[in-house]
Amino acid sequence: MTTPTQLADQLSTTTLLRFATAGSVDDGKSTLVGRLLHDSKSVLTDQLEAVEHASRNRGQEAPDLALLTDGLRAEREQGITIDVAYRYFATTRRRFILADTPGHVQYTRNMVTGASTAELAVVLVDARNGVVEQTRRHAAVAALLRVPHVVLAVNKMDLVEYAEPVFAAIAEEFTAYAASLGVPEITAIPISALAGDNVVEPSANMDWYGGPTVLEHLETVPVSHDLTACHARFPVQYVIRPQTAEHPDYRGYAGQIAAGVFRVGEPVTVLPSGRTTTIAGIDLLGDSVDIAWAPQSVTVRLADDVDVSRGDLIAPSDDAPAVTQDVEATVCHVADRPLTVGQRVLIKHTTRTVKAIVKDIPSRLTLDDLSQHPAPGQLVANDIGRVVVRTAEPLALDAYADSRRTGSFLLIDPADGTTLSAGMAGASFAAVTQAEVPADDDAEWDF
Amino acid sequence: MTTVATVSEGTANPYALSHLDSLESEAVHIFREVAGEFERPVILFSGGKDSILMLHLALKAFAPAPVPFTLLHVDTGHNFPEVLEYRDRTVAEHGLRLHVASVQEYIDAGKLRERPDGTRNPLQTVPLTEAIQQHRFDAVFGGGRRDEEKARAKERVFSLRDEFSQWDPRRQRPELWQLYNGRHAAGEHVRVFPISNWTELDVWQYIEREGIELPEIYFAHEREVFNRSGMWLTAGDWGGPKEHERVETRQVRYRTVGDMSCTGAVDSDATTLDAVITEIAASRLTERGATRADDKMSEAAMEDRKREGYF
């Protein structure tokens, strides 16, 4: 048992893991979330009392842990999760931000929302049912969003007599399927969320399983990639010019490093203008540093007085992305009104927002079997499809597969600001596996 | 295929940011997005720890330039004198501009009526929304955190409000990656919550790390209090205690700063930041559960107030 002082000491040096859960209600997602929160001491007395009180008022005998996460009046009234909720908990090894996403197919956009910032996704499966359509959808969305780590939690092992062959068959089927989608890393864990097997404590009922519990895995999975291998990217957010007596000539470009590492003295190119210079200095929120990396928020000073403003991208001169006005991407449509060919939109990419027009919607993805439905004409809410967008100004766009941050964008309705679609530039996993879609070999698409 | 072998690599990664550094970087990014996209942003500043933290983050985000935002305080008229003193001192120290919207002035002018229970927290909504309209603020920073309350757990970082400042939780924009959509029509504004992802413990640990000064009421001190509905309220001109309520001197501190009529103190001997952090790490109560009477009015009290325009 850790004392509060030890806990506080350890917490100040721990890292942060953002993860999302996926799974329909019947798979026991609420129970798993409830147990993770409960067993990590994250449900406090007054919250539990409020849940017990509310459950009693509804005539339920046991406290309904779903009420912990269903925070809206409408959700509690209907007993369903409508929107993503963010939950926070900590152990002595790590702090966690959990995006608790609704599981139904009509809420695909919410899983996309939760997965867009997640470094790990937990996909729940009922051991009695195995891999079903919904499981494949969740794996596909995790693959599409390039969530680096996927955990398959095979739940309700208590209802299949904790039988290893049941788990092994499901794990094998899922791993093969997810690997074909390009999911880089899959960890399968047999659990019973209700009985507590392998969630926080190792199970006494499954001696045959030698891997980590869900919590152990969450605590130890690496939280950032090998950043030296990433293309360095710095979108300029804001120009800092104090023009004070103390700092008459200071001109710094503020932003959050989207990927990779930047060093003082490094030759860089400013896009889309293509002007080159070197990094004269890096200020890390008040401290001068020689090196900085993603996702630090810094201020970069350049050696030459080049024209740089919000929306520009600074990249190493020997590793700068191509600029383009023709964006090919996969989008998840998140608005209730459709996205149609010919529609005028705004595209928000990093810190740059430009006018654009939807030139083509070549295909819509059927999530059930990952087949491409050609030329659908429009995308409606929760659809995932390929789009071709022509922008009014060039964008320095990476493939989403290379950089989640500089390869992602929003399509926005210019009339009222509604967020229409979530975009991922470049070829999608579906295009890779579905050989019948040749459009991605376009010579202009130079990633 | 499994990750068991990568455990030691993960902890040894020299590029891994501590969780406080991650949260700080994210909050700074949000402040700079607003500075880059909006015309007239304002920071809600009450002199409480969350708004003090926000101001500290804003100072770091734009250094060595000054913070490009003004401040707005909705003064309930029942504020702690130490907090008002802190507020004015901080504003002067950083050369900031402060707007004050006064609940008392609204009551004196007959535009708001005192509630029978004397609680003024819900009365803040009208002066707040009118100040936003009057000054034409288009982005309003709030120190709300998702860990505080279940309705706030559903809140976006950029939260669009209509011309009546209303929040419609069922019609929120999906928020994807770090791409915050701040588009809005004239008259509408966006509430922005840079510390959405911080917990109470994160706030305290960061305050300790950065050596940020706080109003004294956050640390244990002797105070004249009386008990109302299980909460230790400070006796004062605002209307407490009533005849049957008995004042006593106790050693207490505050976990939140709000209207004196509904913000309770907790028994504590934590006189230092270290002691406060230890106390919070061990607490079995959330800060709002422990010290806020207004959240207990109904199961959806916060959601209902937020719908009307409360922050």
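Visitor: Which residues of α7(A) do A:T108, A:M111 and A:V112 in α6(A) meet?
Guide: This is a predicted model, in which local features need pLDDT of at least 70 and side-chain atom pairs count only at pLDDT 80 or more, while totals for chains, interfaces and linings use all residues. Residues are numbered from 1 along each chain as its sequence is written, chains are lettered from A and ligands numbered from 1 in the order written, and side-chain values use heavy atoms, without hydrogens and water. Helices (DSSP runs of H or I, at least four residues) and strands (runs of E, at least two) are numbered from the N terminus. With contact taken as heavy atoms within 4.5 Å, the three residues of α6(A) meet A:H138, A:V141 and A:A142.

Visitor: How do the residues of this contact of α6(A) with α7(A) divide into classes?
Guide: The classes are nonpolar (Ala, Val, Leu, Ile, Met, Phe, Trp, Tyr, Cys and Pro), charged (Asp, Glu, Lys and Arg) and polar (the others, Gly among them). By that division, the contact of α6(A) with α7(A) has four nonpolar, two polar and no charged residues.

Visitor: At what angle do α6(A) and α7(A) pack, and what is that arrangement called?
Guide: Helix α7 of chain A covers residues 133-144, and its axis lies 10 Å from that of α6(A), at an angle of about 40 degrees. Axes are lines fitted to C-alpha atoms, for helices over the stretch in contact, with angles from 0 to 180 degrees between N-to-C directions. Angles under 35 degrees count as roughly parallel, over 145 as roughly antiparallel, 65 to 115 as roughly perpendicular, and the rest as oblique. The angle of about 40 degrees therefore makes α6(A) and α7(A) oblique.

Visitor: Where in chain B do α3(B) and α7(B) meet, and which residues of α7(B) take part?
Guide: The axes of α3(B) and helix α7 of chain B, residues 200-210, come within 11 Å and cross at roughly 55 degrees, so the pair is oblique, and the crossing is left-handed. From α3(B), the residues are B:K49, B:D50, B:L53, B:H56, B:L57 and B:K60. Six nonpolar, one polar and five charged residues make up the contact. The residues of α7(B) are B:E200, B:V203, B:W204, B:Y206, B:I207 and B:E210.

Visitor: Which residues does a cis peptide bond join in chain A, and which in chain B?
Guide: In chain A, the loop between β11 (267-271) and β12 (275-284) holds A:P272, and the cis bond, with omega about 10 degrees, joins A:L271 and A:P272. In chain B, B:P64 is in the loop between α3 (49-62) and β2 (70-75). There omega is about 5 degrees, and the bond joins B:A63 and B:P64.

Visitor: What is the phi of A:R146?
Guide: A:R146 lies in the loop between α7 and β5 (149-155) of chain A. Its phi is positive in a residue other than glycine, with a value near 55 degrees.

Technical notes: Left-handed = near helix turned anticlockwise from the far one by under 90°.
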